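Morning, everyone. Let me put the model on the screen, and then I'll walk you through it.

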Amino acid sequence: MLSFLTVEGAVTFCMGGNFRERSSWRLRREKLRASHRAMGPDSSSNQAVPWRKVLWEPQLFPDNYVDHRFLEELRRNEGIQQYRYWAVVKEAGFVGQQISCVAIFLTLWLYMEQGLLAPETLLWSSLLSALLGYGLHQLLTLQTKLCSGHRTHLADLQSAAIFLSFTFGFSPVLKTLTESVSTDTVYAMSSVMLLAHLVAFPYAQPSPPGSLSLNAALFASVCLASRLPGSLHTFAMLSCALLVFALWPCLLQRLRENAPGHFPGACVGVCIGGLGGLGSQSLGGALFLSLALASVTFLCPLLLVRLQRHKDNIHGPWDEAEIHEDLSCLPKLTGAVDQTNYWRGQ
């Protein structure tokens, strides 16, 4: 018995005040629970010590206890935006027209491969379309009075000249770039890259186009252009790819921002052009494209609007705490620290 007391005293001495504090805290908690049981069920509503949602102080309630006020802070669907069907259809038109742009590019490539379209005709048509698009883009920019912070016309002309010069100079190299690769592999790579372009395209803010989507489209253009008869065909095809995949989305985004009334008409025109061009080569491809456009433009927005009523987001006291930092006092504190250092230096 004496040895047991000696060992207990040694343990208590080694642990110091932590053991006493822990024991006193447990004893105080047991007393509070005993008093709660002594009050009985009739006096539970008139508690002397109300429950608080804290864990750092001992209470006569278990740690997982919550009262009837816990669900009063429940909030459902906070900040949910209600979509309208035709507004979603209008925005989905950007996706449909981008699919049609890919169809138009493939149609032009098929015409050049079959010898039905001369490269000179495609070059002059691309140049005329680029000039008209650039003029329309500058007109829309002037309407918003934002031209002061934009590039000058001389800088745009220099960029276009540099790109055309490098593309024309490297056209013989690009023509023979995939000679050692089989045609089926080239077609498979082009299909995968065009699909990656459509998936990675930034439809919310397409100006400028995303680097991943633009690089995928240009890679597919190089692969397809290398299967054309001559170097001039390759140069014309790459110039057309830059016009379709890089410049046209910028113009369409400017049209959506500054002339929203004409934006649906432009999308419909591109879709009709894609259907007509692909239909002249393959009726099955045109049918598949029409089904894809109908699904993306009309069916998917309908599903989005219908499924919106089943959305049920809940918020309440179980959410993570949001820390809002007030940095307005930092200059004052910095000044105070500087002044303190100054007086210390004195």
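Ground rules. This is a predicted model: local features need pLDDT of at least 70, side-chain atom pairs count only at pLDDT 80 or more, and totals for chains, interfaces and linings use all residues. Residues are numbered from 1 along each chain as its sequence is written, and side-chain values use heavy atoms, with hydrogens and water left out.

Start with helix α3, residues 85-113, against helix α8, residues 231-258. Helices here are DSSP runs (H or I, at least four residues), numbered from the N terminus. The two pack at about 165 degrees, axes 11 Å apart. Axes are lines fitted to C-alpha atoms over the stretch in contact, and angles run from 0 to 180 degrees between N-to-C directions. So α3 and α8 are roughly antiparallel; that label covers angles over 145 degrees. The crossing of α3 over α8 is right-handed, meaning the near helix is turned clockwise from the far one by less than a right angle.

Who makes the contact, with heavy atoms within 4.5 Å? From α3, residues including Phe94, Phe105 and Trp109; from α8, residues including Phe245, Trp248 and Pro249. By class, the contact of α3 with α8 has 16 nonpolar, four polar and two charged residues. Nonpolar is Ala, Val, Leu, Ile, Met, Phe, Trp, Tyr, Cys and Pro; charged is Asp, Glu, Lys and Arg; the others, Gly among them, are polar.

Next, α3 with helix α6, residues 183-200. Their axes come within 10 Å and cross at roughly 155 degrees. That makes α3 roughly antiparallel to α6. Again α3 makes a right-handed crossing, this time with α6.

Now the largest pocket. It holds about 1600 Å³ of space. A pocket is an open set of points on a 1 Å grid over the protein atoms alone, where a 1.4 Å probe fits, with protein on both sides within 12 Å along at least five of seven lines; lining residues have an atom within 4 Å of a point. The volume is the space filled by probe spheres on those points, joined across faces, edges and corners. Of the 43 lining residues, Ala130, Tyr134, Leu242, Leu243 and Leu247 are closest to the centre. Helix α4 gives the most, 15 residues. The lining divides into 27 nonpolar, 13 polar and three charged.

Last, leucine 214, in helix α7. Beyond its neighbours within four places in sequence, leucine 214 contacts His197, Phe245 and Ala246.

How values were computed
Angles under 35 degrees count as roughly parallel, over 145 as roughly antiparallel, 65 to 115 as roughly perpendicular and the rest as oblique. Contact means heavy atoms within 4.5 Å.
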